[in-house]
Amino acid sequence: GVGVRPRTALATTAGLAQDDGIVTDAAHRTSHPAAWAAGDVARVDGRRIEHWHAAREGGERAAASMLDLSIPAPRAPWLFSEVAGTSLDVFGSASEWDEAQWVRPASVLAYVSEERIVQIAAIGGAIAPDAARALVERGAGTADLERHLSGA
C-alpha cells in the first residue's frame, strides 16, 4: 500500500484487522499469524506514519520479526518537507505536551511533556536528524538540546 489512503483491498480479502491501515503489533505482525505489514499501509501499535523513513525502518523490523530475530526498538518518527524553499523537519510525536519552547528562536521548537522533549520541530536544517531523534528517544530535556545546539 502507498500513500495517504492505504490500499487495503488485499488485506480485506485476507480478513486482516484494519483501522485506517492494516493493524499490526510492534513487530509488524497482523491479525493473521503468517502475515506482516510495513510501510504507509501499516498501523503499528496504533499509529500509521506516511513517510519513507517509517516504511524503510518498518520493513527492516518486519523482516527481523519474520526471521524470529531480535527486533530493534522503534525510532522516533521523522517527517520532513520543504515550504517556500525552506526545510521543515519534525522529530518525535507530540499528541500531548505541557509546553512548546523555542530553544533557538525561529528555528528549533521543542514540545515538552513532564520536562522531557517529546517532539522537535526544526527549520532550515537547524539540527541533524540523527541527533534530534536521539534526543527525543532518550527523553532529553531542553537543557540537553540547548547544549547540543551550542556544540557543548
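In what order do the elements of the protein chain run from the N terminus on? The order is α-β-β-α-β-β-β-β-β-α-α.

**View 1. Overview of the predicted chain.** The model is predicted, and local features need pLDDT of at least 70, side-chain atom pairs count only at pLDDT 80 or more, and totals for chains, interfaces and linings use all residues. Residues are numbered from 1 along each chain as its sequence is written, and side-chain values use heavy atoms, with hydrogens and water left out. The protein chain holds four helices and seven strands, which are DSSP runs numbered from the N terminus (helices H or I, at least four residues; strands E, at least two). Its C-alpha trace spans about 50 × 35 × 25 Å along the principal axes. Of the 152 residues, 40% count as buried, that is, under 20% relative accessible area (1.4 Å probe, protein chains only).

**View 2. The open sheet of five strands.** The strand order is β3-β4-β7-β6-β5, with antiparallel pairing; two strands pair if DSSP finds at least two bridges between them. The edge strands β3 (78-83) and β5 (99-104) each pair on one side only. From one strand to the next, the twist averages 20 degrees.

**View 3. Pairing of β6 with β7.** Six bridges join β6 (residues 108-113) to β7 (residues 116-123) in the antiparallel sense. Ser-113 stands opposite Arg-116 in β7.

**View 4. Helices α3 and α4 on the sheet.** Helix α3 (residues 129-137) packs on the sheet and touches β3, β4 (86-92) and β7, where contact means heavy atoms within 4.5 Å. The direction of α3 makes about 160 degrees with that of β7; axes are lines fitted to C-alpha atoms, for helices over the stretch in contact, and angles run from 0 to 180 degrees between N-to-C directions. Helix α4 (residues 142-150) also packs on the sheet, touching β5, β6 and β7. The direction of α4 makes about 20 degrees with that of β5.

**View 5. The largest pocket.** The volume of this pocket is about 390 Å³. A pocket is an open set of points on a 1 Å grid where a 1.4 Å probe fits, with protein on both sides within 12 Å along at least five of seven lines; lining residues have an atom within 4 Å of a point. Of the 20 lining residues, Val-44, Ile-49, Ala-54, Pro-74 and Arg-75 are the closest to the centre. Elements giving two or more residues to the lining are β2 (42-44) and α2 (52-66), and α2 supplies the largest share, five residues.

How values were computed. Grid points are joined across faces, edges and corners, and a volume is the space filled by probe spheres set on the points. Buried means under 20% relative accessible area, exposed over 50%, partly exposed in between (1.4 Å probe, protein chains only).
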